[in-house]
Amino acid sequence: MDLLLQLLLEAILLGTFYAFLSLGFSLTWGVLNILNLAYGSLVVLGSYLAYSLFNAVGVDPIVSLPISFAVGFVLGLLLQVSFVNRVIKLEPFMVLILTFGLDILISHTLNYFFKADIRSIDVPYAEGSFIVGNLIVSEVKLLVFLLSLILTALLFLFLRFTWTGRAIRAVALDVEGARLVGISPERVFALTMGIGTGVAFLSGNLYGILQGFTPFDGGLLTVKAFLVSVLGGLGRVESALFGGLLLGTMEIFVSFYAGESWKLFASLVLMILVLIFRPRGLMGGKYYGEA
Amino acid sequence: MSGKVLDVSDLRAGYGDVEILRSINLHVGDGEIVAIFGSNGSGKSTFLKVVAGLLRPWGGSIRFMDEHIEELSPEERVRRGIALAAEGRKLFLGMSVEENLLLGGWIRRDRVKENLERVYEYFPQLREKRRALAGDLSGGQQQMLSIGRALMSEPKLLMIDELSLGLAPAVVDRLAQIILSIREREGISILVVEQEVSLALEISDRAYVFDLGTIVDEGSSEELLRRDSIRKTYLSLM
Ligand SMILES: Nc1ncnc2c1ncn2[C@@H]1O[C@H](COP(=O)(O)OP(=O)(O)O)[C@@H](O)[C@H]1O
Ligand SMILES: [Mg+2]
């Protein structure tokens, strides 16, 4: 019983981080209709940014969160304006190729500068763990969980209640309808790419706090973001939470009972099952427009 | 101002390399209600799309409040005062009625409260349904929402595509009443595409008849109602 509770706790802590991680990916998917294969590498880029800020300048990894978002946001805008806007008019396949190329570019550039050694950001005030009842709570996991939860809530409120958030959802639902009320979809695309990449960098910052990382973690993180999006159903913050918790639960239980190496395999099997039987996801939400 | 809110001359447009509109000359005066009717596929919706900026013209000129707008984006045209309640309505079906209206006020965010109140006065049903999803509304309510959303931008020219299509007669009567009172109270110009010719001529001051992408007839609505050719072809009256 205690073991079960412990595993559930781990699942919730990890799953909430996965939920936040996936939001940037599913937002650009829902609004721009592109699968960003470079997403995971952008996350890792965020990890190295936070790592460098911490080690070179001594910026606390929580203080660096706004910086991470800002840098990611600007990078996303630039990417959209310089590449994606041009290629998006071509076939979706070309966008896949573009983001795939970007993924390789980022991971190899990181490898060139930082080498493949595992790096980590050590938060001095959250190194240990404490005990509640019979449960062991790791401070660093709890910290990342709380930050993920807060950031997810902020994104939810932004999309739901601000004018800009509303415009993003409008474009996701009907591009021409958005034009008819005076919204420029091109601007919303750029903004969404900015926010999506900002969220990738924030996730990277958290990822760096949570565990060690290397330049080549991106591919796996993209798969996770994709899984959460597909499991939950694309296009709602609530769906991402659901998908994240599901993936977290599965990973924790599978690695405990079957072994670490079965984790990815089980995820992929689950994803294939969902794509076959519930292609709109288990929650069935559709894009970021739905109320 | 010339007295013309919209002044289109020699307009040509099409899709790909298929020409649909050939030399359209049409104007809408200040405070006027102008109707367009004509057979299916004659280019009425295409015309409204070109005026709204969703489709680029091949040639000719479009002047709005005496300024050329051919090169402007749809967004900029909304800002200048052109609103389109489009064919297929283009509502945000997954959002609530109120959110659709709020988005209609995207370019008039400073006055969104007043405008919302104004739209709810025209369409009390929308106020009752304000939390419902746009996708769950009846056809008539969706048409009201589409017109209401267009009004939220405080247009000088309101364009409505297929006012009565698919709606029950009682709903159509109400909508016609509301259109007239909108003109009365807002003093705006209205360009309406309406297949039901008797309705089109009843609510409008002037009308144009489209056929195969050209204007084959035009005149004051009263005069057109009396004209034999119109009565025979479109009103099935002898
Ligand atoms: N998006 C489009 N692409 C290609 N052809 C179109 C498109 N929309 C309309 N058409 C064609 O243009 C012609 C005029 O259509 P439309 O303007 O919708 O007519 P109406 O509104 O008068 O019924 C029709 O022949 C139609 O098939
Ligand atoms: Mg039409």
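Student: What should I know before reading the model?
Tutor: It is predicted: local features need pLDDT of at least 70, side-chain atom pairs count only at pLDDT 80 or more, and totals for chains, interfaces and linings use all residues. Residues are numbered from 1 along each chain as its sequence is written, chains are lettered from A and ligands numbered from 1 in the order in which they are written, and side-chain values use heavy atoms, with hydrogens and water left out.

Student: Which protein donors does the magnesium ion (ligand 2) have?
Tutor: Donors are N, O and S atoms within 2.8 Å of the metal (3.2 Å for Na, K and Ca). Water is not among the atoms, so sites may look incomplete. Here the protein donors are Ser45(B), through OG, and Glu87(B), through OE, at 2.0 to 2.6 Å.

Student: Where do Ser45(B) and Glu87(B) lie?
Tutor: Helices (H or I, at least four residues) and strands (E, at least two) are DSSP runs, numbered from the N terminus. Ser45(B) lies in helix α1 (residues 44-52) of chain B, and Glu87(B) in the loop between β6 (82-85) and α3 (97-104) of chain B, so the pair ties together parts that are 42 residues apart in sequence.

Student: Is Ser45(B) buried or exposed?
Tutor: Buried means under 20% relative accessible area, exposed over 50%, partly exposed in between (1.4 Å probe, protein chains only). Ser45(B) is buried, at 13%. Glu87(B) is partly exposed, at 42%.

Student: How do I read the six-strand sheet of chain B?
Tutor: Strands of a sheet pair through backbone hydrogen bonds, either parallel or antiparallel. Two strands pair if DSSP finds at least two bridges between them. This open sheet runs β6-β7-β8-β3-β9-β10 in chain B, with mixed pairing. Its edge strands are β6 and β10 (214-220) of chain B. Strand β9 (residues 206-211) of chain B runs antiparallel to β10(B), joined by six bridges. There, Arg206(B) stands opposite Ser220(B).

Student: What about the four-strand sheet of chain B?
Tutor: Its order is β2-β1-β4-β5 in chain B, open, with antiparallel pairing. The edges are β2 (18-29) and β5 (67-68) of chain B. Two bridges link β4 (residues 59-64) of chain B to β5(B). Phe64(B) has Glu67(B) as its bridge partner in β5(B).

Student: Which residues of helix α4 (residues 112-122) of chain B are buried?
Tutor: They are Val112(B), Asn115(B), Leu116(B), Arg118(B), Val119(B), Tyr120(B) and Tyr122(B). Their cover includes α6 (163-173) of chain A, and α3, α5 (124-128), α6 (139-151) and α7 (169-186) of chain B.

Student: Which members of the largest nonpolar core touch the most others?
Tutor: In soluble globular proteins, nonpolar side chains tend to be buried together. A nonpolar core is a set of buried Ala, Val, Leu, Ile, Met, Phe, Trp, Tyr and Cys residues joined through side-chain atoms within 4.5 Å. The largest has 81 residues; Val31(A), Tyr39(A), Ile183(A) and Leu206(A) touch the most other members. Helix α1 (residues 2-32) of chain A gives the most to this core, 13 residues. Another core, of 47 residues, lies apart from it and includes Met144(B) and Ile190(B).

Student: What does the side chain of Ser47(A) reach?
Tutor: Ser47(A) sits in helix α2 (residues 39-57) of chain A. Ser47(A) is buried, at 0% relative accessibility. Its side chain reaches the backbone oxygen of Gly204(A) at 2.8 Å.

Conventions:
Contact = heavy atoms within 4.5 Å. Polar contact = N/O pair within 3.5 Å; in protein donor to acceptor, adjacent residues only side chain to side chain.
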